[in-house]
Protein chains: 2
Amino acid sequence: MAKRIGTQTVRFERDICITASAAVGSKKEAEGPMAGCFDLLCEDSNFGETTWEKAESRMQKDAVNRALEKAAKSPADIHYIFAGDLLNQCIGSTYGLRDLSIPFLGAYGACSTMAEALGLAANFLESGAAEACAAVTSSHFCSAERQFRFPLEYGGQRPPTSQWTATAAGACILEAGGQGPYVKEFTAGKMTDYGITDANNMGAAMAPAAAATLQAYFQDTGTTPGDFDTVVTGDLGAVGSELLYELLERQGIDLRKKHTDCGLLIYDRDKQDVHAGGSGCGCCASMLSGYFVKELQEGKLGNILFCATGALMSPTSIQQGESIPGIAHAVHLSGKREG
Amino acid sequence: MAKRIGTQTVRFERDICITASAAVGSKKEAEGPMAGCFDLLCEDSNFGETTWEKAESRMQKDAVNRALEKAAKSPADIHYIFAGDLLNQCIGSTYGLRDLSIPFLGAYGACSTMAEALGLAANFLESGAAEACAAVTSSHFCSAERQFRFPLEYGGQRPPTSQWTATAAGACILEAGGQGPYVKEFTAGKMTDYGITDANNMGAAMAPAAAATLQAYFQDTGTTPGDFDTVVTGDLGAVGSELLYELLERQGIDLRKKHTDCGLLIYDRDKQDVHAGGSGCGCCASMLSGYFVKELQEGKLGNILFCATGALMSPTSIQQGESIPGIAHAVHLSGKREG
């Protein structure tokens, strides 16, 4: 049985492993520094489909199928699939996974969805409800822009704090038993709202949630950033990462030397015109599934803390003058069974 | 540790109890036959707020706070809250629960969300990650109509197959240990799509999913409808319920005498102009939290199978010509520890 540690963290007793993972991206991701990490890169951002929403669904399906192949599993071997995305009513996931015939439990944590899905899957494995689960999420620049901001044809100006929604998906297969990487601990975050109302500054809206969850994790487990090869945040970008450092410094935690943000990793900010960095559920999902899991599998990384962040607003709530609640969930992944 | 039974069902080993629950409704619910089951009925469908979306958030908050009061708990006693709703990006839940400072895990299963949230909470209790959880969801006629169909001012005609989105919320507190009602088993559903494209006929879109999940549950557990006081579906309404009977009859299962649908329970179809019945996440959540849990607590019901259904489409997917995938999750609730 899992053990509650401190106020917000749970440590798993079973050997919960990410036994396979896969990442899918498109043209911009192929032009970025992490191109080599993707299992599938499709130059056509429509992925052969007739709409961007269908393309996003296709990415989830492709990511899951690639991960299943690598795990040498069929959909019938997977007891639950946990999935969600940014589209209204999570249609990226529902239409993408409809044909797989796997018991489906939809998750919504905006760009924190990958960490939430890993936490849900880990608990279903720990409880004994499952021996194998899948976790998947996605985002698509074109479907996100027109839904959250403006039609692409409008050509709206993007302020310097804005981020570029990744056209990407990431999928992990989690099993009880295996050779790792191991899901050791999970810290579910509380919503944190510092009153940010600028929907073009998601980094600022999410940084306080990341700070709160990381602080809770370090306190619960008695660890510091120095205990990890790297602490990976989801998509804080340049603005949010700097704010995260400042917020944690006030708590006596120095994260600067041990921090990686998937939004800063996936694109080259100097050359790719992404302003403050990448974002979207698919950003950290693809970096986790395509890069970090593989580095852990190969022993190039020993121990990471993956903390995905989400902004829990909608265009409607912003239009109604609401501020943006942030959320962050942390997952401790280790290449080794112990430690 | 939980036990997997058959292909899709899990039986919990810990005593997972719904120790308190509360239901909130508005004017139409107050005029219906189940008015007496609500803990709070607000004649003003704005609930004192300035927008319908904020009213929906307020309902979730009120439902959780009432349930917490009954359980004699504070938010700090709750280890996780599982919540979701029909609004884009689930803002009914995020803004409603933002101030509670409880670790938040968003769920999306459309109108099946209450059953999904119960299943998630039960697994977090079973895994040992939690000793107390909350599950909550909501819907609001006005916020749903303008988001999914037409602005209310347009006065669109509603076809006979259409249903009336309940303005309601339901919340349950689940704990490991207690006097019941007990969450005995959970069957997570697979998406089922029979090609229905009429967004005004949700009952038809969801009935095949309900049939599939119920059939899986009965087969996995070796039970029949006769083993339950009643089998409760979420919001199939008159059209979907009839289709469910027909689909199950083909599998040799007679549900007619043992079936209740929350969409048929919450309103008086003869007097309240709701066409095929009630619907929305809040429909079955309020009937479960306000009626069924209390009947089980008082021993008036011994044993129910609660099967909430959802239609996993969005206005965008319908506009793009897609059909509607349905989903249904089943939760076996018993007043007694054994059986």
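A salt bridge is taken here as a side-chain nitrogen of Lys or Arg within 4 Å of a carboxyl oxygen of Asp or Glu. By this rule, four salt bridges cross the interface of chain A and chain B. In one of them, Arg98(A) pairs with Asp193(B), and the closest N and O atoms are 2.7 Å apart. The structure is a predicted model, in which local features need pLDDT of at least 70 and side-chain atom pairs count only at pLDDT 80 or more, whereas totals for chains, interfaces and linings use all residues. Residues are numbered from 1 along each chain as its sequence is written, chains are lettered from A and ligands numbered from 1 in the order in which they are written, and side-chain values use heavy atoms, with hydrogens and water left out.

The interface also holds 34 residue pairs in polar contact, both residues being at pLDDT 80 or more. A polar contact is a pair of N or O atoms within 3.5 Å; within protein, one must be able to donate a hydrogen and the other to accept it, and residues adjacent in sequence count only if both atoms are side-chain atoms. On the side of chain A that touches chain B, elements that each supply at least two residues include α2 (52-70), β5 (80-85), α5 (141-148) and β15 (326-334). Helices (H or I, at least four residues) and strands (E, at least two) are DSSP runs numbered from the N terminus. The largest share of this side, six residues, is provided by α4(A). Its residues comprise 31 nonpolar, 21 polar and eleven charged, where Ala, Val, Leu, Ile, Met, Phe, Trp, Tyr, Cys and Pro count as nonpolar, Asp, Glu, Lys and Arg as charged, and the others, Gly among them, as polar.

With contact defined as heavy atoms within 4.5 Å, chain A and chain B contribute 63 residues each. About 5100 Å² is buried between the two chains, 60% of it from carbon and sulfur atoms; buried area is the accessible area (1.4 Å probe) that two parts lose on being put together, summed over both. Strand β6(A) and strand β6 (residues 104-108) of chain B run antiparallel and are joined by two bridges, strands being paired if DSSP finds at least two bridges between them. Within this pairing, Gly106(A) stands opposite Tyr108(B).

Chain A superposes on chain B by a rotation of 180° with 0.0 Å of shift along the axis (RMSD 0.0 Å), which is the relation of a two-fold axis. The superposition is by least squares on the C-alpha atoms of residues with pLDDT of at least 70 in both copies. Because 100% of the interface residues of chain A are also interface residues in chain B, the copies meet through the same surface.

Over all chains, 34 salt bridges are found. Among them, Lys73(A) and Glu175(A) are joined at 3.3 Å, N to O. Lys73(A) lies in the loop between α2 and β5 and Glu175(A) in strand β9 (residues 168-176), so this pair ties together parts of chain A that are 102 residues apart in sequence.

The peptide bond from Gly180(A) to Pro181(A) is cis, with omega near 0°, and Pro181(A) lies in the loop between β9 and β10 (182-187) of chain A. His275(A), although not a glycine, has a positive phi of about 55°.
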